[in-house]
Amino acid sequence: CDKAAKGELVIPDEIEGLPVTSIGEAAFVACTSLTSITIPDSVTSIGNMAFYRCESLTSIIIPDSVTSIGELAFSGCSGLTSITIPENVTNIGNGAFRACNGLTSIAVPDSVISIGFRAFENCENLSLIKLGDSLASIESQVFFNCRALTSIIIGNSVTSIEDWAFENCISLTSITIPNSVVIVGFGAFQGCQSLASITIPDSVTSIGKEAFLGCTSLTSITIPDGVISIEDWAFHRCSSLASVTIPDSVTTIGDLAFANCFSLKSITIPQAFHSEDEASRLDIDKLWPDGFALPDSSSK
């Protein structure tokens with residue numbers, strides 16, 4: 001692309017009699033003066049970094065013919081205020097909309113089966129997102145540092161929320177995890193300071209390391225019956241957490257899992273941890289270091 005190109009761009013459906021079926025890799029990188037782009041119905045794929053750092057781009061029309069949006073395709077398009085993902089798209093690549101600071105909301109259609117890691121990372125004004133029902137996984141750092149995100153609708157096909165998926169989403173106040181989810185990954189909700197309530201379904205078997213670290217507004221949590229392990233630092237620095245119920249299904253509670261939960265006054269610990277066997281008994285000092293004391297010796 002001629003870097004001096006500016007204003008509106010209409011991509012033709014034919015060039016020298018041949019159909020335009022794809023926008024190639026890095027085709028319009030750093031064309032910083034382009035303000036809008038129209039893609040013809042003949043295009044089925046948008047390549048990696050196709051519009052990377054088109055900083056003045058405010059709108060783009062993606063036709064229904066497009067099935068794939070490549071890695072970093074719109075990354076750094078900081079002026080982009082709206083975008084519609086068509087119903088036929090099945091894959092959104094890694095970092096596809098990373099640092100699109102102008103985006104405030106986005107709907108991912110049911111046709112999408114995969115969204116790459118960091119796809120919406122640092123979209124600092126993105127406040128609402130709806131994920132389609134075909135999505136199998138929320139990948140690592142997909143919404144990392146989406147600081148304005150207040151709510152998200154997760155589809156019923158998601159089985160895992162991967163590492164740091166919502167880290168530092170400081171405006172996220174509540175979230176419902178669907179019954180399809182089995183794994184909540186490492187640091188999945190770390191630093192979500194405004195998260196006051198969360199529903200964890202019975203389908204979840206593992207709560208990863210640092211999963212809710214620094215969720216300072218979280219006041220109570222009920223661990224569902226399906227959970228087997230609560231990993232290290234899982235609820236570290238949840239300073240408003242006042243009560244916790246841990247079911248009998250839990251066999252592992254990691255080191256410092258509830259460290260610095262200064263408001264914690266009540267916790268129910270599974271019977272398995274009340275063993276007389278030193279090897280299997282819960283090490284309270286590792287969970288609550290620095291002088292934390294249970295209210296009295298009769299407390300569970």
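1. Burial terms come up throughout this note: a residue is buried under 20% relative accessible area, exposed over 50%, and partly exposed in between, computed with a 1.4 Å probe on protein chains only. The model is predicted, so local features need pLDDT of at least 70 and side-chain atom pairs count only at pLDDT 80 or more, while totals for chains, interfaces and linings use all residues. Residues are numbered from 1 along each chain as its sequence is written, and side-chain values use heavy atoms, with hydrogens and water left out.

2. Secondary structure. Helices (H or I, at least four residues) and strands (E, at least two) are DSSP runs, numbered from the N terminus. Two strands are said to pair if DSSP finds at least two bridges between them. In general, the strands of a sheet pair through backbone hydrogen bonds, either parallel or antiparallel.

3. Four strands make up an open sheet with parallel pairing, in the order 1-5-7-9. Its edges are strand 1 (6–10) and strand 9 (82–83); each has a single partner strand, so one side of each is left without a neighbour in the sheet. Strand 1 pairs with strand 5 (residues 33–38) in the parallel sense, over five bridges. Within this part of the sheet, Val-10 is opposite Thr-38 of strand 5.

4. Salt bridges. The criterion is a side-chain nitrogen of Lys or Arg within 4 Å of a carboxyl oxygen of Asp or Glu. The whole structure holds three salt bridges. One of them joins the side chains of Arg-53 and Glu-55, at 3.3 Å from N to O. Arg-53 is partly exposed, with 37% relative accessibility, and Glu-55 is also partly exposed, with a relative accessible area of 35%.

5. Arg-98 and Glu-121 form a salt bridge whose closest N and O atoms are 2.7 Å apart. Glu-121 sits in the loop between strand 12 (114–115) and strand 13 (128–130), and Arg-98 in the loop between strand 10 (91–92) and strand 11 (105–107), so the pair ties together parts that are 23 residues apart in sequence. Glu-121 is buried, with a relative accessible area of 4%, whereas Arg-98 is partly exposed at 29% relative accessibility. Glu-121 also forms a salt bridge with Arg-118, and here the closest N and O atoms are 3.7 Å apart. Arg-118 has a relative accessible area of 31% and is partly exposed. Through shared partners, Arg-98, Arg-118 and Glu-121 belong to one network of salt bridges.

6. Ser-140. This residue lies in the loop between strand 14 (137–138) and strand 15 (151–153). With contact taken as heavy atoms within 4.5 Å, Ser-140 touches Phe-117, Arg-118, Glu-162, Asp-163 and Trp-164, leaving aside residues up to four places away in sequence. Its side chain reaches the backbone oxygen of Asp-163 at 3.1 Å.

7. Cysteines. A disulfide is defined here as a pair of cysteine sulfur atoms within 2.5 Å. The search of the whole structure finds zero disulfides. Cys-100 is in no disulfide, and the nearest cysteine sulfur, that of Cys-123, is 5.2 Å away. Cys-100 is buried, with a relative accessible area of 0%. Cys-169 is likewise in no disulfide; the nearest cysteine sulfur belongs to Cys-192 and is 5.2 Å away. Cys-169 is buried at 0% relative accessibility.

8. Aromatic pairs. Rings of Phe, Tyr and Trp (its six-membered ring) pair if their centres lie within 6.5 Å; planes under 30 degrees apart count as stacked, over 60 as edge-to-face, and the rest as tilted. The whole structure has 11 aromatic pairs. In one of these, the rings of Phe-74 and Phe-97 are stacked because their centres are 5.4 Å apart and their planes are at 5 degrees. Phe-74 lies in the loop between strand 8 (68–69) and strand 9, and Phe-97 in the loop between strand 10 and strand 11, so the pair ties together parts that are 23 residues apart in sequence. Phe-74 is buried, with a relative accessible area of 0%, and Phe-97 is buried at 0% relative accessibility.

9. Phe-143 and Phe-166 are stacked, at 5.3 Å centre to centre and with 15 degrees between the planes. Phe-143 lies in the loop between strand 14 and strand 15, and Phe-166 in the loop between strand 16 (160–161) and strand 17 (174–176), so this pair ties together parts that are 23 residues apart in sequence. Both Phe-143 and Phe-166 are buried. Ring pairs link a cluster that includes Phe-28, Phe-51, Phe-74, Phe-97, Phe-143, Phe-166 and Phe-258.

Notes. A polar contact is a pair of N or O atoms within 3.5 Å; within protein, one must be able to donate a hydrogen and the other to accept it, and residues adjacent in sequence count only if both atoms are side-chain atoms.
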